Amino acid sequence: MTYRSPIDDIRFVLDHVVPFTRIAETERYAEATPDMVEAILTEAAKLCDTVVAPVNINGDKVPARLENGVVRTSPGFAEAFRAIAEGGWIGVASPQEHGGMGLPQTVNMAINDMLSGACLALQLNPLLTQGHIEALEHHASDEIKALYIPKLVSGEWSGTMNLTEPQAGSDVGALRTKAEPKGDGTYAITGQKIFITWGDSDVVENISHLVLARLPGAAAGTKGISLFIVPKYLPDANGKPGKANSLKVVSLEHKLGIHGSPTCVMSYEGATGWLVGEENKGMAAMFTMMNNARLGVGMQGVGVAEAACQKAVEYAQERNQMGVIANHPDVRRMLATMRAEVFAARAIGLACAVATDMHTATGADDWAARAAFLTPIAKAYGTDVGCMVSETAVQVHGGMGYIEETGVAQYYRDVRITPIYEGTNGIQAMDLVGRKMMDGGEMAYRVLEEIEDDAEAARAVLPELAGDVWSAAETLREATEWMVAQDMAERFAGAAPFLRAFARVLGAHYHLRAAVAEGGEGPRSKLARVYIRRLLPMYAAHLAEARDGSDGVMSLSPDDLAS
């Protein structure tokens, strides 16, 4: 099976489902005309289909390995990465003054969708580098920006984030890595970090690490954390990689999937680093990178789901068991569900990207709040869909899906990390009902009002589906009012199902928009009916769980659960 970038679906979402045209109407992104965006996406699709996708299986069969302290990547990865870098795809949304294209993040996320479907293990490298660039743009000194960002944009160098330690996972404040001032404006960084994606490789000439560490006398917890840039090789007077820094890869993690992505245990042994941002403000700087990555990871889930869906449809059309299995009702149900979920997750992710771009272009607080509100939903739902669709793709293949030679199991194994990356989906849900509802639910209500207004307008074309979407939004509004009235313990107990319910209603909203744009007849309208009539009703069960409160689950002690 050959992966095909879903450029038609992406263009349809941009043209008819999310308000991308508003971005091109701004002064900041006036060059992002429909013709330019189509040309950019078409070229990116060619790269994904002909250069990146063919190396995907190599990453699975021949994992990255550590040889004499140097990471060797999977066959073909270096060449595919060079094609990505030389095509300018790392710097799609980066400033033009640093060599980037200066295009909207929405275009970048659409490209990341395609790259993830082509080869998730390789796409992780540019994704992290893009987040690294954004963190430097917002927080680094002019000298660091001038030296590092052009190298990162060009793909000569790559970037990582170093948060996690053996004793400090989601509790980042428990980290022990130290930063000692050296008296010359640099710092000696000492400590160990784990789970460092693309922490080393042979595809770039230098690697820039963003490392969280604690200065002497700094406060405990996250308030005492600072951020440092620590290169693998210290740049010389000409900005070229010079002397090796005092850091090394201790080992590579052996993972369930994404075997082509080297996940490193990193040791910093008095390594030279430079402060990024202010002292003890490292978490704010790192969150710039993480927020970029959270939406990116959501789109990774969408991309892998797309690839798995394509593979399942192709197999179902070829496999003959009492007739072609694609004609069996239960198989057709699985395929339709997969495709409906992918469309909804893609639309939510791109809608979030549009809000981000509109804030960048206008500075309007409302767009910033909308982007912040949609980010945890896009990340959690996109990655959950990636897992669900990939699992269903295995099921469509039947026994052959469990056999490695078909290749479908790789999607399932690869995408399973995404609900854990960049804050687990449980953390995303708590962020949604906690920090993102500190406004008393105001942004949630605005989104729901938009859904209801659209549903009212759609009654003239699709009265039955529009009525279902309107009713779901109204019920979700009532549940949101209940959620806002609870203390944090009660909110957190119902956070995950509440997020799922919100994603379900948003997905139905975007499916309805697609059906209306099509005139109420055609394949997108049929797919909307599948989602709204078969999948949307799940929101009610999610809300029932969300409103049950904490007593039901917290009354069970760990000993009760162990017995």
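1. A surface patch here is built from residues with over 30% relative accessible area and no salt bridge; like charges are joined within 9 Å and nonpolar side chains (Val, Leu, Ile, Met, Phe, Trp, Tyr) within 5 Å. A salt bridge is a side-chain nitrogen of Lys or Arg within 4 Å of a carboxyl oxygen of Asp or Glu. The model is predicted: local features need pLDDT of at least 70, side-chain atom pairs count only at pLDDT 80 or more, and totals for chains, interfaces and linings use all residues. Residues are numbered from 1 along each chain as its sequence is written, and side-chain values use heavy atoms, with hydrogens and water left out.

2. One nonpolar surface patch consists of Met430, Met438, Met488 and Phe492, which together have about 370 Å² of accessible area (Shrake-Rupley method, 1.4 Å probe; for residues, only the protein chains shown count as cover). Met488 belongs to helix H15 (residues 488–493); helices (H or I, at least four residues) and strands (E, at least two) are DSSP runs numbered from the N terminus. Met488 is partly exposed because its relative accessibility is 31% (buried is under 20%, exposed over 50%, partly exposed in between).

3. Strand S3 (residues 157–162) has 6 of its 6 residues buried. In a regular strand, side chains alternate between the two faces of the sheet. Trp157, Gly159 and Met161 point one way from S3, while Ser158, Thr160 and Asn162 point the other way. S3 pairs with strand S6 (residues 206–214) in the parallel sense over 6 bridges; pairing requires at least two DSSP bridges between the strands. Asn162 is opposite Val211 in S6.

4. Lys151, in helix H7 (residues 142–154), is buried at 14% relative accessible area. Leaving aside residues up to four places away in sequence, Lys151 touches Glu156, Trp157, Gly239 and Lys240 (contact: heavy atoms within 4.5 Å).

5. There are 4 aromatic pairs in the structure. Among them, Tyr148 and Trp157 are edge-to-face, at 5.5 Å centre to centre and 70 degrees between the planes. Rings of Phe, Tyr and Trp (its six-membered ring) pair if their centres lie within 6.5 Å; planes under 30 degrees apart count as stacked, over 60 as edge-to-face and the rest as tilted. Tyr148 is buried at 3% relative accessibility, and Trp157 is buried at 1%.

6. The rings of Phe373 and Phe502 have centres 5.2 Å apart and planes at 75 degrees, so this pair is also edge-to-face. The pair links distant parts of the chain, 129 residues apart: Phe373 is in helix H10 (residues 365–397) and Phe502 in helix H16 (residues 495–517). Both Phe373 and Phe502 are buried. With Phe498, these two residues form one aromatic cluster.

Definitions and conventions: Buried means under 20% relative accessible area, exposed over 50%, partly exposed in between (1.4 Å probe, protein chains only).
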